[in-house]
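Hi everyone, thanks for making time today.

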Amino acid sequence: RLSARLRDRKGLAYSVSATITASAAEEPGQFTCYIGSEPRHFAEVKSIFLEELTRIRKEPPKAEEVADVQKYLIGSLPFQFTTNERIADQLLYVERFGLGLDYLDRYRQEVRAVTPADVQAVAQKYLDPQRMVLVAAGAIDAKGKPLAREK
């Protein structure tokens, strides 16, 4: 939703990514989002980002949205095994977290089982805009307004 709205529809961002940290065992609960944008779009990008976080908490995603993500996650899984290094990374991941040798089969099943209500429940539990820490890198003033470029 973030990428579609900020990058594709509004043209306000060069890059948008959001993820739960890959190091969840060391830093549980860390959700990060990166939005690469021009300083002049900062206020609008921030507003839309917060709107989308609030929206996913208030209304479940459409079944089609969940199905698209499920297809992506399952369809992109083979790309995690394209090199010896990636295979080793996956094996270490499975071993480190005690996931068992049937992990890949279960992963597919569990991804397919996720419902729009599940997504909303997780968002309500873990994505709280009131407890968020916003970090902006770039030329902004103390109020978060972008500084004008000197000519």
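Let's begin with Ser 76: a polar atom of its side chain sits 2.8 Å from the backbone oxygen of Tyr 72. Please keep in mind as we go that this is a predicted model. Ser 76 belongs to helix H3, which covers residues 63–76. Is Ser 76 buried or exposed? Its relative accessible area is 16%, and because buried means under 20%, Ser 76 counts as buried.

Now over to helix H2, residues 42–58, where we find Glu 52. Glu 52 has a relative accessibility of 7%, so this residue is buried too. Which side chain does the side chain of Glu 52 make a polar contact with? That would be Arg 5, at 2.9 Å. If we set aside residues up to four places away in sequence, Glu 52 touches Arg 1, Leu 2 and Arg 5.

Next, the nonpolar side of things. In soluble globular proteins, nonpolar side chains tend to be buried together. Here, the largest nonpolar core has 12 residues, among them Leu 2, Leu 6, Val 45, Phe 49, Ile 56 and Leu 127. Helix H1, residues 2–9, and helix H2 each give this core at least two residues. The largest share comes from H2, with five residues.

Let me finish with one member of that core, Ile 56. Who does Ile 56 contact, leaving out neighbours within four places in sequence? The partners are Arg 1, Pro 61, Val 119, Gln 120, Ala 123 and Leu 127.

Technical notes. Residues numbered from 1 in each chain as written. Predicted model: local features only at pLDDT ≥ 70, side-chain atom pairs only at ≥ 80, totals over all residues. Heavy atoms only, no water. Helix = DSSP H or I, 4+ residues; strand = E, 2+ residues; numbered from the N terminus. Buried < 20%, exposed > 50% of the residue type's maximum accessible area, 1.4 Å probe, protein only. Polar contact = N/O pair within 3.5 Å; in protein donor to acceptor, adjacent residues only side chain to side chain. Contact = heavy atoms within 4.5 Å. Core = buried A, V, L, I, M, F, W, Y, C linked by side-chain atoms within 4.5 Å.
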